[in-house]
Amino acid sequence: MAAIPSTMNAVQIARTGGVEVLEHKAVPVPVPGPGQVLVRNRFAGVNFIDTYFRSGLYPSPHFPLTLGREAAGEVVAAHASVTRLGPGTRVVYMSGPAAGTYAQYAAVDAAAVVAVPDGISDRQAAAVLLQGLTAWTFIREAGNVQPGQWTLVHAAAGGVGLLLVQMLRSVGAKVIGTAGSKEKCGLARTNGAEWTIDSRNDDIVARVKEITGGHGVDVIFDGVGKATFDADLQMIAMKGHLISFGNASGAVPPISILLLGQKNVKLMRPVVNGYVAEREDLEKYTSELFELVASGKINVAIHDVYPLRDAARAHSDIESRKTTGKLLINCD
Ligand code: NDP
C-alpha cells in the first residue's frame, strides 16, 4: 500500500456564495481519531445538498469547509481502537460536514463506513449510496408505499428521481414522473415511470387528475420544494402522504397546518440520515440497496465524472437543471 502523504488536494469554501467560492487547494491529510478510519477516496458523490452548504442555504458549521457528503474508496489506516476494517478494504460511506469528501482522503467514523461487496464497483458505490438510501428508505419508511398505490416523483430524471422511479416500480406502485424537458421525461419513462409530465410545459395538476381518474396521488416524493409544494397539496389524494425532502427550487416557506385538514394529508420532511443512524439500519438498507444494484433491478445512471479541480463545473451543471442521474468527482 502506498505511503500516506502529509498533504492532499481538496475543494473547500472559506465563505458562502456562487461557484466562485470553491477553492481547489493543498491541505493536511487528516489523522484518524478514536473510532475512525482514514479512507483514500476514489470517487465522491455530488449531491444537491453540497450546493446548499456552498450557497449558505444550510449554515456551515465552520470555515474553511471541505464540501461533499459521500465517497467510495479504500481504507488506508485506522485508529488503534478500530478492529473491524483493515487496510485495503473497499468501502463507501456518508459523512457529516466534519469530514468533507471532495478530497483525496477523509477521516471517517468507522460506524458510518460500509464494506463494498464484490460485484459493485467503486463508481457504482459512490454513485448510489446517498441517493439510493434516500430513495429506498423514503419508499419503505416515510411513504410505506404499497403495491397499486399512485405515486408521483418530481425531478424524476435527477439523481434521487431516477432511483425512486425504478424502485417504486419494483415494489409495484403506479409511477408518475415530472421532469423539465421532453428528453428527461423520456429517460424517466425508460426507467419505470409509466406516465410522465413535462413540468415546464404541462399543467401538472390537471394532468394528474386525468391520469389518476380524479383519485389524486397517494404518495408524492418532492425534492423540488418551493416551486411544487402548492401543486402537491392540490393533487394529493385523500389521506395521501406528501414527502417533501428537498429545496432544488428553494426552501418551502412556512405553511399553516390547517391546510392539511382538507384531505387529511400526512406531511413529512425527512432526512435520510435519520433512517440509517443505527448501525443495524445502515447495514440492512445498504445491503438491500446493493442487492437491487447487483441483481440489475435498478440501474445506476452516471451523468458525468468530474476531476476534483472541476468541482465548480459540477455545481454549475447540477444547479442549471441540465444533468440527469448522478454526478461524481474523481478524487485521484
Ligand atoms: P437532482 O439530480 O435531482 O437535481 C435537481 C433537479 O431538480 C434538477 O435536475 C431539476 O430537474 C429539478 N429542479 C426543479 N427546479 C429547479 C431549480 N429551480 N433549480 C435547480 N433544479 C431544479 O439532485 P439530487 O438528486 O442530488 O437531489 C434531488 C433533491 O433531493 C434535492 O432537493 C436534494 O436536496 C434532495 N435530497 C434530500 C435528501 C434528504 O435526506 N432529505 C437526500 C438526498 C437528496 P427538472 O429539470 O427535471 O425539474
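Into which domains is the chain divided? Domain 1 covers 7–116 + 301–330, and domain 2 covers 131–270. These bounds come from an automatic or database domain assignment.

This is a predicted model: local features need pLDDT of at least 70, side-chain atom pairs count only at pLDDT 80 or more, and totals for chains, interfaces and linings use all residues. Residue numbers start from 1 along each chain as its sequence is written.

**Domains**

The centres of domain 1 and domain 2, taken over C-alpha atoms, are 29 Å apart. Domain 1 gives 9 residues to the contact and domain 2 gives 12 residues. Two residues are in contact if their C-beta atoms, placed from the backbone, lie within 7 Å. The side of domain 1 that touches domain 2 has 4 nonpolar, 3 polar and 2 charged residues. Here Ala, Val, Leu, Ile, Met, Phe, Trp, Tyr, Cys and Pro count as nonpolar, Asp, Glu, Lys and Arg as charged, and the others, Gly among them, as polar.

An unreviewed UniProt entry annotates residues 17–329 as "domain: Enoyl reductase (ER)". Such annotations may be inferred rather than shown by experiment. Over residues 17–329 the chain is 30% helix and 27% strand. Helices (H or I, at least four residues) and strands (E, at least two) are DSSP runs, numbered from the N terminus.

**Helix packing**

Axes are lines fitted to C-alpha atoms, for helices over the stretch in contact, and angles run from 0 to 180 degrees between N-to-C directions.

| Helix pair | Angle | Axis distance |
|---|---|---|
| α2 (122–142) and α8 (279–294) | about 115 degrees | 10 Å |
| α1 (48–55) and α9 (311–319) | about 105 degrees | 10 Å |

The angle makes α2 roughly perpendicular to α8. Likewise, α1 is roughly perpendicular to α9. Angles under 35 degrees count as roughly parallel, over 145 as roughly antiparallel, 65 to 115 as roughly perpendicular and the rest as oblique.

In α2, the contact residues include Trp136 and Leu133; in α8, they include Tyr285 and Leu289. The α2 and α8 contact holds 6 nonpolar, 4 polar and 1 charged residues.

From α1, Phe48, Thr51 and Arg54 meet His315, Ile318 and Glu319 of α9. That contact has 2 nonpolar, 2 polar and 2 charged residues.

**Backbone exceptions**

Most residues other than glycine have a negative phi, and most peptide bonds are trans. A cis peptide bond joins phenylalanine 63 to proline 64, with omega about -10 degrees. Proline 64 sits in the loop between α1 and β4 (65–66). Alanine 155 has a positive phi, near 50 degrees. Alanine 155 is in the loop between β9 (150–153) and α3 (159–170).
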